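Please keep the sequence and the structure in view while reading.

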Amino acid sequence: MGGGAAPRLRDAGLAEAAPDPFTVEAGFESLFNGRDLTGWGYRPTSEEDKAAAARWQASDPNAAAWPFVTAPVRFDGQAVTPDGRFAAIDGRLVVTTPPEHRKIQQLWTKREFPEDFVLKLEFRATPNADSGVYLRGPQLQCRDYRLAGPYEKLERYRPQEWNELVVTVRKGVARAECNGEVLETALALPASGPIGVEGDRGQMEYRRIRIKVLR
């Protein structure tokens with residue numbers, strides 16, 4: 001069975017998913033319990049994002065659909081968002097493939113993070129999948145890098161397998177690494193904000209999402 005097909009088969013209930021033996025390290029706390037979407041939700045679409053969507057859709061006939069959120073929505077105790085886009089499945093936060101092929105949606109933590117921190121997680125992408133991890137608002141591209149970029153030359157990236165993302169934030173600047181290779185050295189961030197994940201195209205999976213606040 002090809003690696004790209006395996007995630008979709010598991011989500012359809014057609015393949016076994018082995019239990020994840022992972023234990024959160026000392027000093028870290030989990031942001032995702034693996035069972036449901038407690039602690040996560042939709043936030044109202046920012047004016048900046050509304051403007052970006054309008055520019056994109058006006059200039060590109062193949063631009064993604066981008067539904068706007070007008071009021072906060074929380075998913076505590078729910079395994080799947082009502083629209084089916086985000087789901088907790090066997091310890092994984094799954095961003096499903098939209099029927100429109102491309103659709104921008106954002107899932108956020110209820111909690112905000114004004115302190116310095118280290119964020120760790122693992123991600124797995126189907127071929128050419130496009131997603132992202134939001135850090136207090138700004139997005140770090142998290143994709144099938146080999147096909148979707150922008151970090152095509154990574155030597156340790158494993159297509160359709162689990163990859164580790166580590167982000168260290170100090171004094172409003174983020175350094176990001178994938179499997180130990182540098183993605184960004186000085187991504188500027190606002191003073192506070194939530195953690196989030198994006199849906200665009202393809203299926204993305206996240207697991208072992210955890211954070212350590214640096215005192």
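## Backbone points in the loops

The model is predicted, and local features are described where pLDDT is at least 70. Asn-128 lies in the loop between strand 7 and strand 8. Its phi is positive, about 70 degrees, although Asn-128 is not a glycine.

Asp-90 also has a positive phi, of about 50 degrees, without being a glycine. The loop between strand 4 (86–89) and strand 5 (92–95) holds Asp-90, which counts as exposed at 54% relative accessibility. A further backbone feature is the cis peptide bond between Gly-149 and Pro-150, with omega about 0 degrees. Pro-150 is found in the loop that links helix 3 (145–148) to strand 10 (163–170).

Six strands make up an open sheet, in the order 3-2-6-13-8-9, and their pairing is antiparallel. Strand 3 (73–74) and strand 9 (139–143) are the edge strands, each pairing on one side only. In general, strands of a sheet pair through backbone hydrogen bonds, in either a parallel or an antiparallel manner.

The pairing can be followed from the edge at strand 3. Strand 2 (residues 40–42) is joined to strand 3 by two bridges, and Tyr-42 stands opposite Val-73 of strand 3. Two bridges also join strand 2 to strand 6, again antiparallel; here Gly-41 has Trp-108 as its bridge partner in strand 6. Strand 6 is in turn joined to strand 13 by five bridges, and these two strands run antiparallel. Trp-108 stands opposite Gly-196 in strand 13.

How many residues of strand 6 are buried? Eight of the eight are buried, so strand 6 is largely enclosed by the rest of the structure. Both of its faces are covered. Arg-102, Ile-104, Gln-106 and Trp-108 are buried on one side, and Lys-103, Gln-105, Leu-107 and Thr-109 are buried on the other.

Lys-103, which is found in strand 6, has a relative accessible area of 15% and is therefore buried, the limit being under 20%. The side chains of Lys-103 and Glu-100 are joined by a polar contact of 3.4 Å.

In soluble globular proteins, nonpolar side chains tend to be buried together. The largest nonpolar core of this model has 41 residues, and Leu-119, Phe-123 and Tyr-206 are those with the most contacts inside it. Strand 7 (residues 116–125) gives the most to this core, with five residues.

## The largest pocket

Rolling a probe the size of a water molecule over the atoms shows where empty space is left. The largest pocket holds about 480 Å³ of space. Its lining consists of 23 residues, and those nearest its centre are Asp-49, Gln-106, Trp-108, Tyr-134 and Gly-137. Helix 2 (47–59), strand 6 (102–109), strand 8 (130–135), strand 9 and strand 13 (195–201) are the elements that each give two or more residues to this lining.

Which strand gives the most to the lining of the largest pocket? Strand 6 does, with four residues. By class, the lining has eight nonpolar, six polar and nine charged residues.

About 220 Å³ of space lies in the second largest pocket. This pocket is lined by 14 residues, of which Asp-20, Phe-32, Asn-33, Gly-34 and Gly-91 lie nearest its centre. Strand 14 (residues 204–214) supplies the largest share of the lining, three residues. By class, the lining of the second largest pocket comprises six nonpolar, four polar and four charged residues.

Key:
Residues are numbered from 1 along each chain as its sequence is written. This is a predicted model: local features need pLDDT of at least 70, side-chain atom pairs count only at pLDDT 80 or more; totals for chains, interfaces and linings use all residues. Side-chain values use heavy atoms; hydrogens and water are left out. A nonpolar core is a set of buried Ala, Val, Leu, Ile, Met, Phe, Trp, Tyr and Cys residues joined through side-chain atoms within 4.5 Å. Buried means under 20% relative accessible area, exposed over 50%, partly exposed in between (1.4 Å probe, protein chains only). Two strands pair if DSSP finds at least two bridges between them. On a 1 Å grid over the protein atoms alone, a cavity is a set of points where a 1.4 Å probe fits but cannot get out, and a pocket is an open set with protein on both sides within 12 Å along at least five of seven lines; lining residues have an atom within 4 Å of a point. Grid points are joined across faces, edges and corners, and a volume is the space filled by probe spheres set on the points. Ala, Val, Leu, Ile, Met, Phe, Trp, Tyr, Cys and Pro count as nonpolar, Asp, Glu, Lys and Arg as charged, and the others, Gly among them, as polar. A polar contact is a pair of N or O atoms within 3.5 Å; within protein, one must be able to donate a hydrogen and the other to accept it, and residues adjacent in sequence count only if both atoms are side-chain atoms.
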